[in-house]
Amino acid sequence: MHQQKRQPELVEGNLPVFVFPTELIFYADDQSTHKQVLTLYNPYEFALKFKVLCTTPNKYVVVDAAGAVKPQCCVDIVIRHRDVRSCHYGVIDKFRLQVSEQSQRKALGRKEVVATLLPSAKEQQKEEEEKRIKEHLTESLFFEQSFQPGKNRTVSSGPSLLTVFLGVVCIAALMLPTLGDVESLVPLYLHLSVNQKLVAAYILGDLLITMNFLKN
């Protein structure tokens, strides 16, 4: 009864296989990377047999290429790259892990892991950094182009009417006579004190600085 209940789940080739990592990267100039470890997990309630196949078995040594994994356990599979010549740089090889139930021969599930040999870890990091810089520049250019029309309108429109009005008022205030200037023909109520003229000069200076900053 138990076998009949479980049988529909164990269809050939449909059993999910859990392997980490799913990609192996070897660096020719870093000997520590010539040895990689694949971890095969068995989350099921029954034991699994496994077998490791490779498209280019002459380039690799697989320690324990076949074995078994107990229920809800995992096993490490050591893979060594033994041919790190430059002619293999960038070539993508594939490992296939096949699993089956202990009492059966047919493969219940398969999982492929790609392997690549690169010349240098530093060059790879440099390429990734250059890629990130290019992506950042592309994003910056996109946002700059997106906001460019608004910027052009701001620059072409010039200073606001309020700014111009305040500037004219301040200039006029500085041109008015100072209190105590008895020889001026301007009416006395238009005479400004020194403090009032200092305030007008301060405001005018701020306006000029702000306009110059926005222009640049």
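**Salt bridges around Glu112**

The side chains of Glu112 and Arg96 come together in a salt bridge, with N and O 3.2 Å apart. Glu112 sits in strand β9 and Arg96 in strand β8, so this pair ties together parts that lie 16 residues apart in sequence. Keep in mind that the model is a predicted one.

Glu112 has another partner too: a salt bridge links Glu112 with Lys94, and here the closest N and O atoms are 3.9 Å apart. Strand β9 (residues 109-118) holds Glu112 and strand β8 (residues 92-101) holds Lys94, so the pair ties together parts 18 residues apart in sequence.

Through the salt bridges that share partners, Lys94, Arg96 and Glu112 end up joined in one network.

Another salt bridge pairs Arg85 with Asp83, whose closest N and O atoms are 2.8 Å apart. Asp83 has a relative accessible area of 14%, so Asp83 counts as buried; the cut-off for that label is under 20%. Overall, the count comes to four salt bridges.

Technical notes
Residues are numbered from 1 along each chain as its sequence is written. This is a predicted model: local features need pLDDT of at least 70, side-chain atom pairs count only at pLDDT 80 or more; totals for chains, interfaces and linings use all residues. Side-chain values use heavy atoms; hydrogens and water are left out. Buried means under 20% relative accessible area, exposed over 50%, partly exposed in between (1.4 Å probe, protein chains only). Helices (H or I, at least four residues) and strands (E, at least two) are DSSP runs, numbered from the N terminus.
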